[in-house]
Amino acid sequence: MRNAGIAIVGVVVLAAVLGPWLIPFDPSAQELALRLEGPSRQHWLGLDELGRDILSRVVSGARVSLAVGLIVVSVSAFIGAIAGSVAGYYGGVVDDAISRVIDVLLAFPGVLLAIALVAVLGPSLTNVALALSSIGWVGYARVVRAQVLQAREFEYVVAARAVGAGSPRILIRHILPAALPALTVQATLGMGGAILSEAALSFLGLGVQPPTPSWGAMINYGRAHILDAPHLTVFPGLAIALLVLGLNLLGDGLRERFG
Amino acid sequence: MLRYLARRLFLTIPVLLGVATLVFALIHLIPGDPARAMLGDVAPDADVVQLRRLLGLDQPLAVQYVAFLGGLSRADLGTSLRTGAPVATEILARLPATFELAVAAMVVALSVAIPLGVIAAVWRGTVVDHAATVLSLAGVSMPGFWLGPLLAIVFGVELGWLPVSGRGGLEHIILPAVSLGAALSAVLSRMTRVTLADQLAEPYVVAARARGASTGRAVLLHAFRNSLIPIVTLAGLQVGAVLTGAVITETIFAWPGVGRLLVQSIGSRDYPTVQGCILLIAVTYIGVNLAVDCLYVALDPRIRYR
């Protein structure tokens with residue numbers, strides 16, 4: 001299962017990286033005479049409502065999805081690792097304060113807070129990444145806090161403290177490496193979640209703005225032509241489902257490996 | 001149990017206060033002048049000043065905050081800028097539709113997930129188990145806003161069996177409920193498989209089988225009840241996903257609920273209604289989690305709260 005995950009994610013990453021050289025057409029180029037045309041030998045996945053090549057837009061959309069996923073996961077994991085390790089290591093009032101903030105953010109279901117934040121900040125890719133990161137760090141903080149609570153009692157940590165190592169050194173050199181496997185699993189599964197959330201926000205018109213291709217936005221615009229040109233909706237949706245499936249398979253495999 | 005409940009309720013107060021504070025802060029995160037943002041760049045200055053006064057934005061922040069909390073204590077969520085009606089009234093009118101959809105999605109999810117999870121656990125390691133795993137992983141990975149339109153094409157348009165928009169009889173709720181419940185059933189079936197498989201390996205189940213209990217009896221009467229706690233916990237946690245998913249599903253199927261109201265309010269920059277919808281959904285989520293905690297005792301008498 002993990003190998004299948006690696007293969008799927010690998011193909012999408014390759015397509016995203018090599019995209020500009022791979023795609024047969026400019027994703028913004030319009031051929032209005034051929035608008036809504038179905039898959040053909042020249043346009044493998046057909047053309048959209050403005051006569052743009054869907055294959056080129058799906059490949060370009062992979063760059064957007066992966067970029068948002070990577071930014072959200074990196075920022076969330078960074079903030080979460082700091083907040084979780086500080087809360088777990090110092091305990092007491094610091095832990096209480098951070099845990100209460102986490103409790104409040106966890107009281108908002110799923111991407112709802114992100115929807116609200118983007119609604120007030122204005123729709124854009126930057127605001128989507130900002131909104132998803134501002135709620136995403138909570139999951140990482142909880143994982144790291146639990147790991148740090150365990151690790152701070154390990155003998156090698158007590159020994160490091162006894163020989164006079166400072167708190168930052170103990171946290172960075174001795175405790176955080178122990179939390180890395182759990183953090184990696186969380187990041188892999190979190191990347192799938194971030195990509196789905198970005199697509200959902202773009203579907204609602206709150207994410208990537210035209211003409212930049214985004215899978216969620218493509219499904220949203222495709223909905224208007226779902227009866228006469230279902231390929232507008234089917235292919236971007238397949239791309240999302242495939243990439244998220246690959247990340248879930250990979251995350252599951254890593255979880256089994258790291259226990 | 002009552003003492004535990006009282007303590008849990010007490011601990012919920014700071015969380016509710018935090019949620020209210022965050023929702024209050026939302027309107028102040030709007031770049032520039034919130035009143036100008038709501039009315040648009042071409043609105044006359046006099047209208048902007050009037051709206052600022054109406055929303056209390058001309059008051060000091062502390063005064064606004066106290067007034068906001070005071071309003072909440074009287075269930076006053078402000079006035080909708082789009083309709084002029086109280087936000088609470090607007091939300092209450094749509095609440096039954098969202099509740100109906102959430103319950104229907106949960107019913108769909110549980111009625112698919114539990115049999116699928118049980119089958120996968122009983123026949124663990126077989127083709128049936130692998131098929132169930134692939135099916136549930138596909139379900140988790142499939143975005144609801146993609147599945148919804150696809151279901152509408154097949155069952156609404158091509159086959160003409162079901163209506164694809166609006167709220168009415170039972171036939172109207174089937175497609176939105178399946179679309180919303182699909183991902184949920186995938187998550188729940190995986191949890192059912194894992195927890196039930198663990199229970200089936202426990203000595204009490206082996207002993208029951210040794211005494212001659214059939215597979216069905218050992219699974220349903222002995223192991224299944226003990227595997228219910230993680231399933232109920234996850235189902236409770238998934239209420240959040242259902243409420244978020246409802247925002248999208250209601251938009252796709254023109255279902256007149258709170259989620260659709262939220263999206264419409266975002267589109268028309270009706271921020272008091274956006275605040276009200278977000279607050280209501282968050283409070284509902286907190287309430288459901290509290291109820292799930294209390295359900296544990298009913299499901300497992302071994303759990304005693306101090």
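**Exercise 1. The interface between chains A and B**

Determine how many residues of chain B are in contact with chain A, and which elements of chain B supply them.

Step 1. Two residues are in contact if their C-beta atoms, placed from the backbone, lie within 7 Å. By that criterion, 36 residues of chain B are in contact with 33 residues of chain A.

Step 2. Helices (H or I, at least four residues) and strands (E, at least two) are DSSP runs, numbered from the N terminus. The elements giving two or more residues to the side of chain B that touches chain A are helices H1 (2–28), H6 (127–141), H7 (144–158), H11 (228–252), H12 (258–267) and H13 (271–299) of chain B.

Step 3. For the classes, Ala, Val, Leu, Ile, Met, Phe, Trp, Tyr, Cys and Pro count as nonpolar, Asp, Glu, Lys and Arg as charged, and the others, Gly among them, as polar. The side of chain B that touches chain A has 32 nonpolar, four polar and no charged residues.

Step 4. This is a predicted model, in which local features need pLDDT of at least 70 and side-chain atom pairs count only at pLDDT 80 or more, while totals for chains, interfaces and linings use all residues. Residues are numbered from 1 along each chain as its sequence is written, and chains are lettered from A and ligands numbered from 1 in the order in which they are written. The predictor gives the complex an ipTM of 0.84 and a pTM of 0.88.

**Exercise 2. Chain B as a whole**

Describe the helices, the box and the pLDDT of chain B.

Step 1. Chain B has 13 helices and zero strands.

Step 2. Along the principal axes, the C-alpha atoms of chain B fill a box of roughly 85 × 55 × 30 Å.

Step 3. A residue is buried if 20 or more other C-beta atoms lie within 10 Å of its own, exposed if 12 or fewer, and partly exposed in between, with C-beta atoms placed from the backbone. Of the 306 residues of chain B, 39% count as buried.

Step 4. Among contacts in chain B with a separation of 6 or more, 71% join residues 24 or more positions apart.

Step 5. The average pLDDT (the predictor's confidence in each residue, from 0 to 100) of chain B is 88, and 97% of the residues score at least 70.

**Exercise 3. Two helix pairs**

Characterise the packing of H1(A) with H9(A), and of H8(B) with H10(B).

Step 1. Axes are lines fitted to C-alpha atoms, for helices over the stretch in contact, and angles run from 0 to 180 degrees between N-to-C directions. Helix H1 (residues 2–22) and helix H9 (residues 231–258) of chain A pack at about 140°, with their axes 7 Å apart. Helix H8 (residues 170–200) and helix H10 (residues 215–226) of chain B pack at about 120°, with their axes 8 Å apart.

Step 2. Angles under 35 degrees count as roughly parallel, over 145 as roughly antiparallel, 65 to 115 as roughly perpendicular and the rest as oblique. H1(A) and H9(A) are therefore oblique to each other, and H8(B) and H10(B) are therefore oblique to each other.

Step 3. In H1(A), the residues meeting H9(A) include Ile6(A), Ile8(A) and Val12(A); those of H9(A) include Leu242(A), Gly246(A) and Gly253(A). This contact has eleven nonpolar, three polar and one charged residues.

Step 4. Leu196(B), Gln199(B) and Leu200(B) of H8(B) meet Ala223(B), Phe224(B) and Asn226(B) of H10(B). Four of the residues in this contact are nonpolar, two are polar and none is charged.

**Exercise 4. Backbone features in loops**

Step 1. Pro211(A) is in the loop between H7 and H8 of chain A.

Step 2. Leu36(A) is in the loop between H1 and H2 of chain A and counts as partly exposed, with 16 C-beta neighbours inside 10 Å.

Step 3. Ala75(B) is in the loop between helix H4 (61–73) and helix H5 (87–122) of chain B, and counts as exposed, with 9 C-beta neighbours inside 10 Å.
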